[in-house]
Amino acid sequence: MAFAVASQSDSARLTDSEFASASAAAQFIADTCLVDGPLGRIGLEIEAHCYDPADPHRRPTWDEITGVLESLPSMPGRSAVTVEPGGAVELSGPPELGVTAAVGAIAKDQAVLSKSFEAAGLGLVSLGADPLRPAKRVNPGARYRAMERFFTASNTGVAGAAMMTSTASVQVNLDAGPQAGWADRVRLAHALGPVMVAISANSPLLSGEFSGWRSTRQRVWSQLDSARCGPILTASGEEPGIDWARYALKAPVMLVHSPEPVPVTHYLPFADWADGRELLGGRRPTRYDLEYHLTTLFPPVRPRQWLEIRYLDSLPADIWPAVVFTLVTLLDDPVAADLAAEAVEPVATAWDMAARVGLADQRIFVAANRCVAIAAERAPAALGEGVQRLAEAVAQGRCPADDFSDRVIKSGIPATVTALALGEQ
């Protein structure tokens, strides 16, 4: 997590007092989901799949991956390093003031991490979805074991397994900003989603097959329960906190701590638990339970006191800085934000279209070119060349998935993945 939140230990918090009602829980969510303050801080989280270049069909084991992590030197950008359920490795950078500083810091850490895995005979591949291997969990964590059971019980076992073990992203964390602007800011963060999905689409294959989607990662997420993974509906139109509270209370409870995470294998909206219609662990939920519940909800934009932008595919090192700069500029620069809001309005809800065909849709193509041009006019020298390359690709109607697909068609999936794992861009 890029923006730290102070909290007491999990074991102590299990004794928090229980909520008296769903209304009390809703009020807590609305009051705490965003923090009033200035804009400017950016935190980045970057995931990459771990491969064995000598055998790209093989998924490196938990011991192999954690062995590399145990030997890592200090990260110059102070990123934390963690392992996702399927063995993907994530860098989570601390918040930095300004996008140039955030990009520079985590790029240094990414270089250190790649060299360490290379020294161990492994490689990191930045794609939105694993193009070759079937879904398989290697992280033994109790949370992920319980999540598997939940997805199986809710008849989304295949999509749930793919989401946990075969997808990877670039996540951008931004300050919520001044409270007076929250409604417009959250609305724009959602409205930019389809265009940014099309620009960053980088997952045309999954488990050895072309899916027919530019962003198969988005397709996988769309196959999960929309009450947990769909966009937050802006029903109130004015108060993001109310929208998030409504979303969170309608979402089914995934896990309850007793004290280890235990899956809830029947459909139980959090509101019903808070209102006492059904008790879990013999009790109503506490603040700890509610905060944990919020971590099991995966909308494309998630308020966590700051805003988590979760809709970008994992991208190669020569592309993601320009994509991140574009997104941050369109949200944080007030003039750029107004221009972007107008540009994306016609395609603000075209999530599936963007994921399926990307920039081949004419309306998305026009909006994407306008958005990248707005950002390019504001690019600093350190990022100018990368943003210009991105603008040229978008002008040609191409996204990273197109480049990857061309390589696969020419060389095959295993050879292409091996080349990427060996650092050949």
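Which helix gives the most to the lining of the largest cavity? H11 does, with three residues.

## Basis of the model

This is a predicted model, in which local features need pLDDT of at least 70 and side-chain atom pairs count only at pLDDT 80 or more, while totals for chains, interfaces and linings use all residues. Residues are numbered from 1 along each chain as its sequence is written, and side-chain values use heavy atoms, with hydrogens and water left out.

## Cavities

Searching the whole structure gives three cavities of 30 Å³ or more. A cavity is a set of points on a 1 Å grid over the protein atoms alone where a 1.4 Å probe fits but cannot get out; the points are joined across faces, edges and corners, and the volume is the space filled by probe spheres set on them. The largest cavity has a volume of about 70 Å³.

## Lining of the largest cavity

Eleven residues line the largest cavity (an atom within 4 Å of a point). Val-186, His-190, Ile-232, Pro-240 and Pro-303 lie nearest its centre. At least two lining residues come from each of helix H7 (182–191), helix H11 (240–250) and strand E11 (301–303). Helices (H or I, at least four residues) and strands (E, at least two) are DSSP runs, numbered from the N terminus.

By class, the lining holds eight nonpolar residues, two polar and one charged. Nonpolar covers Ala, Val, Leu, Ile, Met, Phe, Trp, Tyr, Cys and Pro; charged covers Asp, Glu, Lys and Arg; the others, Gly among them, are polar.

## Leu-290

Leu-290 is in helix H13 (residues 287–295). Leaving out residues up to four places away in sequence, Leu-290 touches Phe-19, Ala-25, Phe-28, Ile-29 and Phe-270, contact meaning heavy atoms within 4.5 Å.

Notes:
On a 1 Å grid over the protein atoms alone, a cavity is a set of points where a 1.4 Å probe fits but cannot get out, and a pocket is an open set with protein on both sides within 12 Å along at least five of seven lines; lining residues have an atom within 4 Å of a point.
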